[in-house]
Amino acid sequence: MAPEIFTYKNPSPNLFVTNGLLSGKKVLIQPNMSARGWLCDAGSKALKGFVALEDATVIMRIKKEGANLMGSSRMSELSFGLAGDTATQILSSGEADIALITDTMGEARMAAADRGMLGFKPSYGIVSRFGLIGLVPSMECYGIVGKRLEDIIDTLTVISGKDETDPSMPDKGFPDYTDVRKPLKTACTAGVVKDCLDILQEAEQKTFGIELKRLEEMGLTIKEVNFSDFDLFRVVHNIIASVEASSSADKYDGVRYGHRSSSGKNWNEMYLNFRGESFGPLIKPFLFQGAYFQFENYPAFENACRNRHRLVQAMTHLLGQVDLLVFPTRRLDHDAEKANTINRIYDAFLWTLPANVTGQPSLHLPSRALHSEVDVGIQLVGPRLGDPWLLSIGLKLLSTTQGGRIA
Amino acid sequence: MKYEPVIGLEIHVQLNSATKMFCDCPNRPGDEPNRNTCPICLWLPGALPKLSREALQKATLACLALNCTIQQESGFDQKVYYYPDLPKGFQLSQHHKPLARNGWVDIVGEDGRSKRLRIHHIHMEEDVAKLVHEMEGKTPISLVDFNRAGTPLIEIVSEADMRSPDEAMEYVKTLRNQLRYTGSAECSLELGTLRVDANISLRPLGTDEFNTKVEVKNMNSIRNVGDAIAYEITRQTHCLDKGESIVLHTRLWDPEKRMTSPMRSKFSGPCIPDPSVSRIVVSQEWLKEIQGRLPEMPAQKTERFLKVYGLTPEEASNMSLERDLSDFFEAVVKQDISPRKVAGWITTYLIPILRDRNQTMRETFLTPDRFSQLLSMLDKDMINAQSAKEVLLQLLSSDETIEEIVKKGQFQQVSDTTELETVIDRIISEHPSDVEDFRKGNTKVIGFLMGLAMKASQGKANPKLLKEILTKRLDSIVP
């Protein structure tokens, strides 16, 4: 028997809201997004049996706009990486049109890239995290994956916007999506980071080069830029994310919900046994690593925070020279779904995680290179809160090539 | 060797905001267990903390009352430790960027001179849940009550400026009075809304280094704070005299045995900035608004009472210790009653009565109007002092008007000369030997006869008139 691809399958998804922006759209979520009455175990034994008491803000908003909530996919444990995630499999089968995938280091964009779909990570802070059973609060957000950019735009329009229950959102400056579909008139310069090109393999360089040429044909000016600190993104993400993960996972103790260990003479032993037995082989070393920085090497964490600040400044500086940056999305020799160590996960998400470190919006478009087996994807990274503009560019590129359609 | 104690206090004060610090649950820890809880203060998956504006305002007001500088930017950190009273694994506290720094309070030292004690900083933090240990039959069980989880606290960290148990007690008293003035906190050691941890170390007299300190917790009254510190000074002195070294640890004060004993210290970990709680950025406008809410503080008030009302320093200080009381005092004085008389009556009668009844002014029926009516009746000889005390008791517990109380209890002063003459004639005729003594020149007899006459009038006679009549009668008997 094939393994179950849903964590929870909604028996009655139709809400009969006919005039909503998402009316009739089939939306799939992950089991770390709180939906009232649904099993929300975030893919972990640590949350075994946890049923959400209320809807996340995002879920409330998409319900209100008439989406049919199909259910929740299976997901990687606590949304770290993509191992075991079934969202795009369900999308491919046609059981859903849009999937929400937690994007902590590029999961939504990567999942899309692996299946030739579109994936979008919004700017940090424009979508409420209330009800998201998170792991890395300062980097994660709801990513949107689908086959049509129109669907992604509609979904983002619905879920983004101020929510009083998430205090980490800015007070103002929320993007306005009214003009997203109007044709862009101004010329646009896309930066390619030279320090990244140097890392690409020959085959990757070739296919990425073809894609850049096509972008040029579509009217984008391509400019090579330097980002000498690019290799810091990976280590900064790794340290900060593991420390935040360690804190976030502190609350799992197997008392009120989750797997209850059968052994242990006192609460301390029960707690230790619970954690030993609950966490899987990928998340456990990540939590250990975070605890190491918390307890044994705090200066390294502080250093990472300072470097993060520098990276944000460097990005802002770069985006003063060009309008957006272009990266590949995936790497040929590093399969994100099969990555089975922390290092391999970080190898796989190398091109996507910078946007999580800086909180910028990022759009993955499938590439249509000559060798279809050598698809590295195209990832556009725009200025923070420039989400509508970035999506306009995406619409323009897609309409030029395929009349808005993906094969 | 002679040692000098070096004492610093860390004081936790529970703010009396209507809600908890990061959610809308009522801030009432004493309610039926686990009644005031929600996904946020239970820290269920998906919940996000949202800082209460009221808690921030009250904390700021408290910091201003203790002369601190509010920091333009402050933020919350995750103070990691693992214990069942904190299931989320970290306490939200301001470790790296506290709300306020550099404050002070002035106390009156043992030598009667004013001494300024500095405050290092004040930060906000959430309280943790309460563990209740019980027996279920023969099995010991531990229960967790989340009513207290997430209630707003401020922690006031002093500099190690105190040198004696007395100074520490004065510091706590002064700080408590100033905080109560702001209306931000109740500050009761007995009820646990003010908790004192004392850090104590000794050093040879005349030196100025800081030595290893010992922390003492669990003092539930100001007196206990002094006693615990005194005990710890003696204990450490003995250790040092025996050549033992002091080890950094925490001790628990036992109020019954009146001694401290070492406790198992909680594992305490690192503090990382919390990514979800908003940073606090204070604008000058907002700060000005909060400063505007700061009432006149006790020291300023004492000064004013001295000047404006001509009270003695002691009276002025007594009348400004508590805000409710000083407001009451001023309201009564406004009704044209002599300030010193008001202060005298409040100190001598009202405060002891309230203390006996374990009540605050607000819990009684006494209002400034009613109190001033009482004092003016006294002024006009409508009642005498003895009756006034009785009337005061009834003014506290009944909502009847003073006129009704006086009438019902027949407290009116008897100034009817005929009635008093009758009483005195009777007393004189019943005590011929005393009258004889008086005739022989023993004037003390007047006092004795006055007492009898007063008693016969059930304490209601106008004493001045009574004495006048008695003296006249006795004089007329003397040949």
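Predicted model: local features only at pLDDT ≥ 70, side-chain atom pairs only at ≥ 80, totals over all residues.
Let me start with helix α7 of chain B, which runs over residues 323–333. Its buried residues are B:Ser326, B:Phe328, B:Phe329, B:Val332 and B:Val333. Looking down the axis of α7(B), these buried residues fall within an arc of 155°, so they line one face of the helix. What lies over them?

Now the rest of chain B. Its secondary structure comes to 15 helices and 16 strands. Chain B is divided into domain 1 (3–286), domain 2 (296–408) and domain 3 (417–477). The C-alpha centres of domain 2 of chain B and domain 3 of chain B are 34 Å apart. Their contact takes 4 residues from domain 2 of chain B and 4 residues from domain 3 of chain B. On the domain 2 side of that contact there are no nonpolar residues, 3 polar ones and 1 charged.

As for overall dimensions, the C-alpha trace of chain B spans about 95 × 60 × 55 Å along its principal axes. A compact globule of 479 residues would have a radius of gyration near 23 Å, but chain B has 30 Å. Buried residues account for 37% of the 479 residues in chain B. Taking contacts in chain B between residues at least 6 apart in sequence, 70% join residues at least 24 apart.

Next, chain A. How many helices and strands does chain A have? There are 13 helices and 11 strands. With 407 residues, a compact globule would have a radius of gyration near 22 Å, and the 21 Å of chain A agrees with that. The C-alpha trace of chain A spans about 70 × 55 × 45 Å along its principal axes. Of the 407 residues in chain A, 53% are buried. For contacts in chain A between residues at least 6 apart in sequence, the share joining residues at least 24 apart is 77%.

Chain A is divided into domain 1, which is 6–229 + 313–402, and domain 2, which is 240–298. Their centres, taken over C-alpha atoms, are separated by 29 Å. In the contact between them, 21 residues of domain 1 of chain A meet 18 residues of domain 2 of chain A. The domain 1 side of this contact has 11 nonpolar, 7 polar and 3 charged residues.

The buried ones include A:Leu149, A:Asp154 and A:Ile159. Just after α4(A), A:Gly161 takes a positive phi of about 125°.

The other is A:Thr316, placed in helix α10 of chain A. Is A:Thr316 buried or partly exposed? It has 13 C-beta neighbours inside 10 Å and therefore counts as partly exposed, since a residue needs 20 or more to be buried. A:Thr316 and A:Gly254 are 62 residues apart in sequence, and their C-alpha atoms are 43 Å apart in space.

On to where the chains meet. 31 residues of chain A are in contact with 22 residues of chain B. On the chain A side, α7 (232–248), α9 (283–295) and α10 (298–321) each supply at least two residues. α7(A) gives the most, with 3 residues. By class, the side of chain A that touches chain B has 18 nonpolar, 7 polar and 6 charged residues.

In soluble globular proteins, nonpolar side chains tend to be buried together. Here the largest nonpolar core has 181 residues, and those with the most contacts inside it are A:Val27, A:Val145 and B:Val13. Helix α1 of chain B, residues 53–65, gives the most to this core, with 8 residues. Which residues does A:Val27 touch, leaving aside its neighbours within four places in sequence? Among them are A:Leu22, A:Ile62, A:Leu69, A:Met70, A:Ile98 and A:Leu100.

Key: Residues numbered from 1 in each chain as written. Chains lettered and ligands numbered in written order. Helix = DSSP H or I, 4+ residues; strand = E, 2+ residues; numbered from the N terminus. Rg over C-alpha atoms; globule rule 2.2 N^0.38 Å. Buried ≥ 20, exposed ≤ 12 C-beta atoms within 10 Å, placed from the backbone. Contact = placed C-beta atoms within 7 Å. Nonpolar A, V, L, I, M, F, W, Y, C, P; charged D, E, K, R; others polar. Domains from an automatic or database assignment. Arc of directions from axis to C-beta. Core = buried A, V, L, I, M, F, W, Y, C linked by C-beta atoms within 7 Å.
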